[in-house]
Amino acid sequence: MDDRTASRIAAAPPHGGISLAAVLTETVLVQALGTMSVLIVPALAPAVAASLGVPTLFIGYQITLIYVAAMAASLVAGTLVARHGGCRIGQLAMLLDAIGCGLMSLGRLTPMIAGSIFIGTAYGMIIPASSELLIRHAPPHRRSLIFSIKQAGVPVGGMAAGIIGPWIALSFGWHAALWAVGAACLTVMAWSQRGRRELDRPETRTRVPVLLPWTSLRLVFGNPPLRWLALSTFWFSAVQLSVVAFLVALLVEERQVSLATAGLVLAGVQLSGAFGRVLWGAVADATGRGLGVLVALALAMMAAALVVTAAGSVLPLAALIALFLLLGLTANSWNGVYLSEVARLSPGHAVGSVTGAAMFFTFTGVAVGPSLFSQFHDVFGSYQATYVVIAAFSALAALMLMQVRRLVAARRATAP
């Protein structure tokens with residue numbers, strides 16, 4: 001999307017007085033609760049695994065299942081958003097999350113699988129829906145910051161899972177933690193209805209072809225910078241979810257930290273990610289170098305993971321936690337800048353659909369990453385040693401982003 005098109009979209013007056021702050025509040029809440037639904041089981045991994053009679057490594061496969069469902073949903077999310085509006089699809093995601101949490105709370109393997117599919121389907125819808133809403137309200141010169149603030153809902157949701165989940169589990173049982181998340185999702189779904197008529201105005205919705213998901217994938221692959229940018233996020237997301245999914249298990253099983261303390265560390269990692277998302281969004285807007293910010297984050301992720309691999313087993317616990325906080329500040333904070341770059345490179349009429357197609361690669365990385373981490377854990381024998389895999393993922397992301405920068409620079413050089 002060129003700046004002229006983006007300016008025209010952002011300048012469109014919000015009918016009915018729906019402000020940017022109101023849209024941002026709604027999208028942050030939906031994102032936070034969607035993420036909390038995804039991460040509440042990893043936050044309670046030892047208790048859930050014991051109840052199901054499976055090893056804690058099972059959580060890696062549960063996360064994979066969630067993101068396989070998200071991959072499929074992301075390909076149709078653009079079509080659903082175009083037909084029904086971003087607010088309505090956000091409400092649908094909240095309903096699916098509530099159903100998923102209810103199923104997983106039953107404490108049996110089959111409902112756990114079904115609930116994970118519901119939650120993954122919801123998660124695949126959230127980002128295309130919110131991108132469609134925000135691109136119509138966010139001014140271009142603040143786009144990275146606005147998208148990053150919205151994406152801060154991810155670590156906020158993870159932080160809530162890390163703090164509230166173990167507290168409820170210790171007080172009332174882990175099933176009650178899932179009930180609480182489901183109830184919050186239903187509350188936000190109902191609250192969003194008050195602005196739905198204005199946000200999903202008929203003139204913002206279109207009848208789109210059934211094959212639009214495949215058209216969107218062709219748009220991504222046919223645009224070399226978008227293609228490499230989407231592929232880089234495969235590795236970014238693999239790093240992010242591998243760190244988050246196994247953090248509690250690493251601290252409890254390899255450093256003998258209590259579940260409650262490990263949950264607080266997870267919350268701290270998510271909090272540093274929330275701060276980092278806003279920080280890097282502001283830096284990207286101030287410098288106009290969003291791609292450069294992404295490259296720097298990939299290199300920092302690689303360095304932190306290498307230190308965990310080489311010295312994690314002998315580092316004092318405080319130093320190890322500091323490394324995890326650094327990973328939160330980097331591996332958990334790239335998303336807003338990435339989505340802003342996707343919107344910038346997308347055709348102006350198809351931001352939601354192209355975002356959904358790009359997120360297909362993001363979700364693929366999440367689906368594959370934790371499973372790969374689980375497999376390599378069997379090879380290396382410990383969570384800390386397996387961080388060498390995270391370092392390799394980060395290096396691949398950096399190389400692909402450097403390719404994006406070269407392609408964008410070449411395109412600008414040849415532009416009339």
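Which residues form a nonpolar patch on the surface? In this predicted model, the patch is made of Leu92, Leu95, Ile99, Phe118 and Leu186, which together have about 350 Å² of accessible area.

## Surface patch

Helix 5, spanning residues 86-104, gives the most to the nonpolar patch, with three residues. Leu186, another member of the patch, is found in helix 9, residues 174-199. Its relative accessibility is 39%, so Leu186 counts as partly exposed. Membership of such a patch requires over 30% relative accessible area, a value that Leu186 passes at 39%.

## Nonpolar core

The largest nonpolar core has 131 residues. Ile63, Tyr67, Leu229, Phe324, Tyr338 and Tyr387 are the residues with the most contacts inside this core. Helix 11 (residues 224-254) supplies the largest share of the core, namely 18 residues. In soluble globular proteins, nonpolar side chains tend to be buried together.

The surroundings of Tyr338 can be listed individually. Leaving aside neighbours within four places in sequence, Tyr338 is in contact with Leu229, Ala230, Thr233, Leu294, Ala358, Met359 and Thr362. One of these partners, Leu229, is itself among the core residues with the most contacts.

Pro166 lies in helix 8, which covers residues 153-172. With a relative accessible area of 3%, Pro166 is buried, since the limit for that class is under 20%. Not counting residues up to four places away in sequence, Pro166 touches Ala43, Leu44, Ala161 and Gly263.

A further spatial relation concerns Ala177. Pro166 and Ala177 are eleven residues apart along the chain, and their C-alpha atoms are separated by 7.8 Å.

## Salt bridge

The structure holds one salt bridge. Its partners are the side chains of Glu341 and Arg344, with an N to O distance of 2.5 Å. Both residues lie in helix 15 (residues 335-345), three residues apart, about one turn of the helix. Side chains of opposite charge can pair when their charged atoms come close.

The two partners fall into separate accessibility classes. Glu341 counts as buried because its relative accessibility is 5%, whereas Arg344, with a relative accessible area of 21%, is partly exposed.

## Aromatic pairs and cluster

The count comes to 16 aromatic pairs. One of them joins Phe221 and Phe361 in an edge-to-face arrangement, 5.5 Å centre to centre and with 65° between the planes. Phe221 lies in helix 10 (residues 212-222) and Phe361 in helix 16 (residues 351-380), so the pair ties together parts that are 140 residues apart in sequence. Phe221 is partly exposed, with a relative accessible area of 41%, while Phe361 counts as buried at 10% relative accessibility.

Phe376 and Phe380 form a stacked pair, 6.1 Å centre to centre and with 25° between the planes. Both lie in helix 16, four residues apart, about one turn of the helix. Phe376 is partly exposed at 34% relative accessibility, and Phe380 is partly exposed with a relative accessible area of 39%.

How values were computed: Residues are numbered from 1 along each chain as its sequence is written. This is a predicted model: local features need pLDDT of at least 70, side-chain atom pairs count only at pLDDT 80 or more; totals for chains, interfaces and linings use all residues. Side-chain values use heavy atoms; hydrogens and water are left out. Patches are made of residues with over 30% relative accessible area and no salt bridge: like charges are joined within 9 Å, nonpolar side chains (Val, Leu, Ile, Met, Phe, Trp, Tyr) within 5 Å. Accessible areas come from the Shrake-Rupley method with a 1.4 Å probe; for residues, only the protein chains shown count as cover. A salt bridge is a side-chain nitrogen of Lys or Arg within 4 Å of a carboxyl oxygen of Asp or Glu. Helices (H or I, at least four residues) and strands (E, at least two) are DSSP runs, numbered from the N terminus. Buried means under 20% relative accessible area, exposed over 50%, partly exposed in between (1.4 Å probe, protein chains only). A nonpolar core is a set of buried Ala, Val, Leu, Ile, Met, Phe, Trp, Tyr and Cys residues joined through side-chain atoms within 4.5 Å. Contact means heavy atoms within 4.5 Å. Rings of Phe, Tyr and Trp (its six-membered ring) pair if their centres lie within 6.5 Å; planes under 30 degrees apart count as stacked, over 60 as edge-to-face and the rest as tilted.
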